[in-house]
Amino acid sequence: VQLQASGGGLVQAGGSLRLSCTASEGTGGSDAMAWFRQTPGKEREFVAVIAWDGTNTFYGDLVKGRFTISGDTAKNTVYLQMNSLQPEDTGTYYCAAGPIPATIPRYFTSWGRGTLVTVSS
């Protein structure tokens with residue numbers, strides 16, 4: 001599964017961004033898509049996951065209530081709407097595809113390159 005993430009950028013604290021992740025050659029049978037983020041020197045952190053059938057979404061504690069994950073199966077695209085962004089949300093955001101809606105990176109078999117989000121104070 002080839003994943004292409006986009007939508008990162010520089011935003012002030014309190015602002016919003018929407019990330020997109022497209023499976024350019026189809027989902028390859030993956031049943032879930034997720035977003036993780038990472039900053040230098042830290043482990044990859046779970047952000048949100050969605051089952052492709054839309055029945056199941058789950059969020060990391062640090063983003064719950066501020067971020068929303070959604071999917072468009074016709075476009076093989078998953079979105080991450082990020083509101084009320086804070087400097088601690090800064091990082092490289094990666095989308096991932098896998099067989100189950102998990103929260104641990106090793107359960108995901110395909111990864112996009114990542115898109116950088118920078119939140120200034």
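A disulfide is counted here when a pair of cysteine sulfur atoms lies within 2.5 Å. In this predicted model, local features need pLDDT of at least 70 and side-chain atom pairs count only at pLDDT 80 or more, while totals for chains, interfaces and linings use all residues. Residues are numbered from 1 along each chain as its sequence is written, and side-chain values use heavy atoms, without hydrogens and water.

A search of the whole structure finds one disulfide. It joins Cys21 to Cys95, with an S to S distance of 2.1 Å. The pair links distant parts of the chain, 74 residues apart: Cys21 sits in strand 3 (residues 17-23) and Cys95 in strand 9 (residues 91-98). The torsion about the S-S bond of Cys21 and Cys95 is about 65°, so the disulfide is right-handed. Both Cys21 and Cys95 are buried, meaning under 20% relative accessible area with a 1.4 Å probe, protein chains only.

Strands are DSSP runs of E with at least two residues, helices runs of H or I with at least four, numbered from the N terminus. The protein chain has 11 strands and zero helices.

Buried residues make up 42% of the 121 residues. Of the contacts (heavy atoms within 4.5 Å) between residues at least 6 apart in sequence, 54% join residues at least 24 apart.

The C-alpha trace spans about 40 × 30 × 25 Å along its principal axes.

Key: Buried means under 20% relative accessible area, exposed over 50%, partly exposed in between (1.4 Å probe, protein chains only).
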